[in-house]
Amino acid sequence: MKLSNFNFELPKELLAEYPAEHRDESRLMVVHRDSGKIEHKMFKDLVDYFDEDDVLVLNNTKVFPARLFGNKEKTGARIEVFLLRELNQEQRLWDVLVDPARKIRIGNKLYFGDDESLVAEVIDNTTSRGRTLRFLYDGSYTDFRRKLRELGETPLPKYIKREVTPEDEERYQTIYAKHEGAVAAPTAGLHFSKHLLKRLEIKGINFAEVTLHVGLGTFNPVEVEDLSKHKMDSEELVIDEKATEIVNTAKANKRKVCAVGTTVMRSLESAVSSEHTLNTFEGWTNKFIFPPYEFSIANCMVTNFHLPKSTLLMMISAFMGHDLMKKAYKQAILEGYRFYSYGDAMLIL
């Protein structure tokens, strides 16, 4: 499989700028891998495809407001700072991306907020746009994190050209988000409403939770034709004993184990035992799944519609088969399904 196998024409108007009015009223394409049958439903119809003791695996990471705007000392130039990961809590060191990068050099200071109460000093260059910043702030670590949240903005993907609205703060977050650390939402989970989760629970469906803090690496373009040469960024992952127990019991009883999103699928496949059961895990994963690939844990998945040439599309192709994926995406475009983070969903059975 080469990069060019994952290219297709995506009409611009199908890139969703806003979420559906109600979370569970996005559209849902249901694809049956055994027969190749494709159905068109609403997301709230998901409940019809699961039975008692089936398991949905959710990623409970929480997006933090990672996009800040500051001013460069002396010139006052407006600089966007995107917080990627905290390197050292005590020294308040962070890996960030800056834009425009050409203006930002080691030793520069950036000022944030109307009162300039938060200052950052550039102490290293990491990549062409990457920098290491040391934040200077009078106050405790808790106050510092509160300040970052107060000044930060919901990190909507770059393709959304509009201004961030207060609604985004709620809608670019799953309703079961718990552990802060992601700079992008696990978007398949955005379709679940409280009401839908309750209906699934009443039907006897179990939930297992993992935590994968989604990084921007998920969206890094693949720039090599030979996929085996692409390197994924590492992301922090935690799978606890409770989750492994729920998943392994369902597997042993031949129930459905449904990965809600590509982040969950990557998490599960990063922690497979030699017996093809799920292990606990605490650490970092840079798992890259592309065809051909044998999946060990989940036997169905919920996912959004992904962009051409993306690593997410490659995983979907590996899971559902390349020809069926192409057929489903062709139908999605013809039927006007909405693509990407705020778009519609697909259930692959």
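This is a predicted model: local features need pLDDT of at least 70, side-chain atom pairs count only at pLDDT 80 or more; totals for chains, interfaces and linings use all residues.

Residues are numbered from 1 along each chain as its sequence is written, and side-chain values use heavy atoms, with hydrogens and water left out.

Begin with the sheet. It is open and formed by 9 strands in the order S2-S1-S17-S16-S14-S3-S12-S13-S15, with mixed pairing. Strands (E, at least two residues) and helices (H or I, at least four) are DSSP runs, numbered from the N terminus. Two strands pair if DSSP finds at least two bridges between them. Strand S2 (38-42) and strand S15 (281-285) are the edge strands, each pairing on one side only. From one strand to the next, the twist averages 25 degrees. Strand S13 (residues 235-239) runs antiparallel to S15, and 5 bridges join them. Leu237 has Gly283 in S15 as its bridge partner.

Helix H4 (residues 241-252) packs on this sheet and touches strand S3 (55-59), strand S12 (206-212), S13 and strand S14 (257-260). The direction of H4 makes about 130 degrees with that of S12. Axes are lines fitted to C-alpha atoms, for helices over the stretch in contact, and angles run from 0 to 180 degrees between N-to-C directions. Contact means heavy atoms within 4.5 Å.

Next come the helix pairs. Helix H5 (residues 262-269) packs with H6 at an angle of about 65 degrees, their axes 11 Å apart. The two are therefore roughly perpendicular (65 to 115 degrees; under 35 is roughly parallel, over 145 roughly antiparallel, and the rest oblique). H5 passes H6 in a left-handed crossing, meaning that the near helix is turned anticlockwise from the far one by less than a right angle; clockwise is right-handed. Thr262, Met265 and Arg266 of H5 meet Leu312, Met315, Ile316 and Phe319 of H6. This contact has 5 nonpolar, 1 polar and 1 charged residues (nonpolar: Ala, Val, Leu, Ile, Met, Phe, Trp, Tyr, Cys and Pro; charged: Asp, Glu, Lys and Arg; polar: the others, Gly among them).

Helix H6 (residues 311-320) also meets helix H7 (residues 322-334): their axes come within 7 Å and cross at roughly 120 degrees. That makes H6 oblique to H7. The crossing of H6 and H7 is right-handed. Leu313, Ile316, Ser317 and Met320 of H6 make the contact with His322, Leu324, Met325, Ala328 and Tyr329 of H7.
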